[in-house]
Amino acid sequence: MDELSVPSKGPLSTVIICPHCEKPALQAVRGEATIRDEYQDPFLLGYTYIMLQCAECQEVSLQIKVDEVISDPGYEVPKFVYPARRQLSNAVPEPLRREFDEARSCFDNKTYTAAVVMVRRTLEGICKDNSVNEKVLAKSIEKMVADGLIDRTLAEWADGLRVLGNQGAHFTGTQVSREDANDALAFVEALLDQIYVLGRRFNEFKKRRATKAEPSS
């Protein structure tokens, strides 16, 4: 049975990072819709969709919260389903997608130090997946440049991720900021796209063009 209502219990507003303007702002709860389907899965109570409106930018977003029998109702963290988050291409190997998704989950849960550590792990995974196995990550990044996998600009990004990941992995007394963690996610996503999507697509493009006869002048 579906239920649609304005929440009758719990807070009518909450402060979170808006997925539109990316600012910590008051989000007014405009309504909820709960779907119950306990007959399909005995461990699943249902799904609750929550519509929010940002007080900062006035944009509307939609969250989903999964209610399970074995979970603490107060612990489950709702996830945004609108605006939709861009998904990595299936051309990116599944182990690397998994590492990246874990980094993004850490970011969503505001554990920014853990997020940059997972970004560094993703970077290490990129090197190993491309048979670059130098003893230190900095040397592996240089080897990827030498092998033509990335250019100097991407190498500079990768080295920045390495340094930030080192900061996260070792106790320094300095907290990793949300802005740095967000940039780290964006940069490693660009690396994955460059190597596994655009780079390979361009190589296929060159091969396809090479098989075609040159037009006569």
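1. Buried means under 20% relative accessible area, exposed means over 50%, and partly exposed lies in between, with a 1.4 Å probe and protein chains only. L164 is buried, because its relative accessible area is 13%. That residue is found in helix 4 (residues 152-169).

2. Some ground rules. This is a predicted model, in which local features need pLDDT of at least 70 and side-chain atom pairs count only at pLDDT 80 or more, while totals for chains, interfaces and linings use all residues. Residues are numbered from 1 along each chain as its sequence is written, and side-chain values use heavy atoms, with hydrogens and water left out.

3. The overall layout. The protein has five helices and six strands. Helices (H or I, at least four residues) and strands (E, at least two) are DSSP runs, numbered from the N terminus. In order from the N terminus, the elements run β-β-β-β-β-β-α-α-α-α-α.

4. Totals for the protein. It has 217 residues, and 33% of them count as buried. The accessible surface is about 14,000 Å², of which carbon and sulfur atoms supply 53%. Accessible areas come from the Shrake-Rupley method with a 1.4 Å probe, and for residues only the protein chains shown count as cover. Contact means heavy atoms within 4.5 Å. Among contacts between residues at least 6 apart in sequence, 48% join residues at least 24 apart.

5. Back to L164. Which residues does L164 touch, not counting those up to four places away in sequence? They are V116, V176, D180 and A184. V116 is 48 residues away from L164 in sequence, yet the two are 6.7 Å apart in space, C-alpha to C-alpha.

6. Helix 5 covers residues 178-210. R178 counts as buried because its relative accessibility is 15%. D193 is also at 15% relative accessibility, so it counts as buried. Leaving aside neighbours within four places in sequence, R178 is in contact with I17, E22, F107 and Y112. With residues up to four places away again not counted, D193 touches R86, L198 and G199.

7. Salt bridges. A salt bridge is a side-chain nitrogen of Lys or Arg within 4 Å of a carboxyl oxygen of Asp or Glu. How many does the structure hold? The number is eight. One of them joins D147 and K143, at 2.9 Å from N to O. D147 is partly exposed, because its relative accessible area is 42%. K143 has 32% relative accessibility, so it counts as partly exposed.

8. Helix 1 (residues 94-108) holds the pair E94 and R98, four residues apart, about one turn of the helix. Their closest N and O atoms are 2.6 Å apart in a salt bridge. E94 is partly exposed, since its relative accessible area is 40%. R98 is partly exposed because its value is 44%.

9. Helix 1 also holds R104 and D101, three residues apart, again about one turn. Their side chains meet in a salt bridge at 3.5 Å, N to O. Are R104 and D101 buried or partly exposed? R104 counts as buried because its relative accessibility is 10%. D101 is partly exposed, because its relative accessible area is 34%.

10. A positive surface patch. R201, R208, R209 and K212 form it. Patches are made of residues with over 30% relative accessible area and no salt bridge, with like charges joined within 9 Å and nonpolar side chains (Val, Leu, Ile, Met, Phe, Trp, Tyr) within 5 Å. Lys and Arg count as positive and Asp and Glu as negative, while His and the chain ends are not counted. The place of a charge is taken as NZ of Lys, CZ of Arg, CG of Asp or CD of Glu. R209 is found in helix 5. This residue counts as partly exposed because its relative accessibility is 46%.

11. Backbone points to check in the loops. The peptide bond from Y82 to P83 is cis, with omega near 0°. P83 lies in the loop between strand 6 (79-82) and helix 1. K110 is not a glycine, yet has a positive phi of about 65°. K110 lies in the loop between helix 1 and helix 2 (112-129).

12. S131 is also not a glycine, and has a positive phi of about 60°. Its place is the loop between helix 2 and helix 3 (137-146). S131 is exposed because its relative accessible area is 60%.
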